[in-house]
Amino acid sequence: MNRVASGGSSTSTKCGYIVRSILRDKEFENWSSLPSKGKGVKLFDEEKKLNKWFFEKKGLTDAEWKTTIKMIGNVAPVRGIPGRSKDGYQCRHCSTETETLAHVLGSCPHDFLLRNTRHRTIRSMIAKELQKVGMETREEIHCIRNNRSTARVDILAWNAVSKKVTYWIQLSGWRLQ
Ligand SMILES: [Zn+2]
């Protein structure tokens, strides 16, 4: 139908907007009420401000953008999702645990080196940002805690002028020596 020819372009555009909005909300409710595959979808609704990346794709390749959406929506291709695999839920690489996203990203021994590299990359990114605002930083500093045990701090950052330590950053918990 030609909206201009019907003489109601503004009204039909407004109606179309309202109908799309209702359908979008209804579909969102359906998706987020799914027992497994809708688990993380509520996050889109809870953090509307942070959802800008969803439309802008800033800093992400197409593949990364799609994977991020799958990970948040709990539909990433891991065996732990019901109905995803005919060969069982066990991890394809270590076979010791259920293959969930948390296992793949956080604890599977197969990806240990990748996790270590990710940790170092993120640590260096944070250190560089601190240096941009005039701070001095050191990474992977060996320290002694109050209880006399040793530990390694990921980033130690201090004001270059006053020499006062401002940040004591640990990305993934203390590591005992
Ligand atoms: Zn594994």
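Across the chain of this predicted model, the pLDDT averages 83, and 91% of the residues score at least 70. Among the elements of the chain, the highest mean pLDDT, 92, belongs to helix H6 (residues 112-132), whereas the lowest, 76, belongs to strand S3 (residues 165-169). Over residues 1-7 the pLDDT is below 50, and this stretch has 7 contacts in the model beyond near neighbours in sequence. Where pLDDT is low, the predicted coordinates should not be read in detail.

The chain is divided into two domains, with domain 1 covering residues 10-75 and domain 2 covering residues 112-169. The C-alpha centres of domain 1 and domain 2 are separated by 36 Å.

Following H6 is Gly134, which has a positive phi, near 85°.

Strand S1 (residues 135-144) and strand S2 (residues 150-159) run antiparallel and are joined by 9 bridges. Within this pairing, Met135 has Asn159 in S2 as its bridge partner. The hairpin of S1 and S2 has 5 residues between the strands, and in this hairpin Arg148 adopts a positive phi, near 75°.

How values were computed: Residues numbered from 1 in each chain as written. Predicted model: local features only at pLDDT ≥ 70, side-chain atom pairs only at ≥ 80, totals over all residues. pLDDT = per-residue confidence, 0-100. Helix = DSSP H or I, 4+ residues; strand = E, 2+ residues; numbered from the N terminus. Contact = placed C-beta atoms within 7 Å. Domains from an automatic or database assignment. Pairing = 2+ DSSP bridges.
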